[in-house]
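Let's take a walk through the nonpolar cores and the aromatic rings of this protein. Have the sequence and the model open side by side as you read.

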Amino acid sequence: MVILRANNVSKTYNHSLIDKIHHEKANHVLKDIDLSVSEGESISIMGKSGCGKTTLLKILGTIDRATKGFVEYGGKNIREYDDTAISRLRRKSIGFVFQDYNLFPNLSVEENIMLPLIIDKAAYSVIRKKVLENAEFLNISGILKKYPYEISGGEKQRTAIARALVNDPQIILADEPTGNLDSAAAVSIMNYMADVNKIKKKALVIVTHDALVASYCQKVIFIKDGRIEKTVESQKDKESIRHISDIMLNL
């Protein structure tokens, strides 16, 4: 079953009034993007800096809106949702993982994970159960009382993944989830992300510039100048990594 679908999505940023007077062209970041994500599917989006991949992820995650075209969740056009419904969709159906973790420094690991459930006013027994379940899954049970400044980058990202999972979303959207990590921690995080996909049965969409990270996904979509340039199937092996790297070099 298709979870989300982007239909002819384009994004344009208009320049200032002064630029318009001087006939400067608008910045067309995305151009006619069509893609879909099904249950249990894992997709990586790659491209050079400025190609529009992060903008696309924000539109898929309802953080930004398309200038033209639309995104569907569960077959329904999100343009039909009001702000309250969009917020509910974002909380209930989508989990976000960012390069810089986005943890609250004054909250413990445990409190950071439980925050989405607190916002939803879940019962404490439900909150406790889900926090412990996801902490065990991500091997961070022993650091729940620590604060972000006391833990490593890999532990911070595992905390962020646990927070993304705690509301049991259909899909996880990740923007450069290994961008702040060394190579060993990056591999560890991607192994956990693969488990999120295979064991937790969550669909994944990962924006990355790293061929190794992309190789963990079943499909790699390459963006160039705001358009989908190429889509390839992938496996986590040396041949796939080499092939993905070669395509990136030639974009």
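The largest nonpolar core has 36 residues, and those with the most contacts inside it are I113, I140, I161, I172, M193 and I206. A nonpolar core here is a set of buried Ala, Val, Leu, Ile, Met, Phe, Trp, Tyr and Cys residues joined through side-chain atoms within 4.5 Å. Buried means under 20% relative accessible area, exposed over 50%, and partly exposed in between (1.4 Å probe, protein chains only). At least two residues of this core come from each of several elements, including helix 4 (109-119), helix 6 (153-165) and strand 8 (203-207). Helix 7 gives the most, with seven residues. Helices (H or I, at least four residues) and strands (E, at least two) are DSSP runs, numbered from the N terminus.

This is a predicted model: local features need pLDDT of at least 70, side-chain atom pairs count only at pLDDT 80 or more, and totals for chains, interfaces and linings use all residues. Residues are numbered from 1 along each chain as its sequence is written, and side-chain values use heavy atoms, with hydrogens and water left out.

A second, separate core of 33 residues includes L4, V29, V37 and C51.

Now to the rings, where there are two aromatic pairs. Rings of Phe, Tyr and Trp (its six-membered ring) pair if their centres lie within 6.5 Å; planes under 30 degrees apart count as stacked, over 60 as edge-to-face and the rest as tilted.

| Pair | Centre to centre | Angle between planes | Type |
|---|---|---|---|
| F96 and F98 | 6.0 Å | 5° | stacked |
| Y147 and Y149 | 6.3 Å | 20° | stacked |

F96 is buried at 16% relative accessible area, while F98 is partly exposed at 26%.
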